[in-house]
Amino acid sequence: GESFGWVNGMAVTADGKYLYTTNNGTGIVEWSINQSTGALAQIGTYTTPTIGCTYGVTVSGNFLYTNEDCSYQVQVATIGNNGLLSDLQTVTVPDTGSYLWTVAVDKSGKFLYVGDESATLTGYGIGADGKLTYLAQTTRNGGDGDMDSMSFSADNKFLYTTTDRTGTAVFAVNQSTGALTEIAGSAFGTEDSYGSVVVDPSSSF
């Protein structure tokens with residue numbers, strides 16, 4: 001079959017009709033999902049406005065967000081009724097000297113966070129039009145490593161993050177401002193190669 005490069009991230013629309021995959025290049029592959037069989041059909045490839053390496057990707061409402069680790073930018077695209085993407089906004093993340101690895105939107109849809117390879121999180125507010133407004137940067141207490149994955153608790157009060165070298169860091173999320181505060185005792189664990197994290201629906205595990 002056709003090769004689409006190294007798939008770093010995937011995101012599905014809330015209605016389950018479309019899937020988007022990053023390829024570590026300048027594009028996002030757009031797929032339709034057969035609602036009966038789950039089969040995928042490529043419907044297009046969205047090329048980002050800048051020459052970067054698309055890595056993480058997430059969907060919130062009618063908008064898609066992807067971080068480009070080579071260009072230190074977040075691309076915002078509108079999702080059309082046919083599932084195809086169109087340019088909306090390019091945001092340059094304040095320079096930390098590190099590549100961007102992951103991106104996530106909180107469960108309220110109000111805040112977006114980008115993680116980089118020096119364990120720094122950059123926060124943005126999300127407007128009703130899907131556009132981003134810079135909030136602040138937060139660096140975890142101690143440790144280092146690529147910020148590989150992020151997951152929110154079901155009640156949206158906590159953000160869990162992993163790196164590939166120094167365990168899992170946990171942040172309390174201010175529900176009004178989106179500000180992050182690392183909780184006492186974080187980070188947890190010291191194992192290498194924590195590639196991903198997910199919180200169960202009960203937020204117990």
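Analyst: Two strands pair if DSSP finds at least two bridges between them; strands are DSSP runs of E of at least two residues, numbered from the N terminus. This is a predicted model, in which local features need pLDDT of at least 70, side-chain atom pairs count only at pLDDT 80 or more, and totals for chains, interfaces and linings use all residues. Residues are numbered from 1 along each chain as its sequence is written, and side-chain values use heavy atoms, without hydrogens and water.

User: How many bridges join strand 2 to strand 3?

Analyst: Strands of a sheet pair through backbone hydrogen bonds, either parallel or antiparallel. Here strand 2 (residues 18-22) and strand 3 (residues 27-33) run antiparallel and are joined by five bridges. W31 in strand 3 is the bridge partner of L19, and in strand 4 the partner of W31 is Q42.

User: What lies between strand 3 and strand 4?

Analyst: Six residues lie between them in a hairpin, and G38 in the turn has a positive phi of about 80°. The two strands pair over seven bridges in the antiparallel sense.

User: In what order do the four strands of the open sheet stand?

Analyst: The order is 1-2-3-4, with antiparallel pairing. Strand 1 (10-12) and strand 4 (40-47) each have a single partner strand, so one side of each lacks a neighbour in the sheet.
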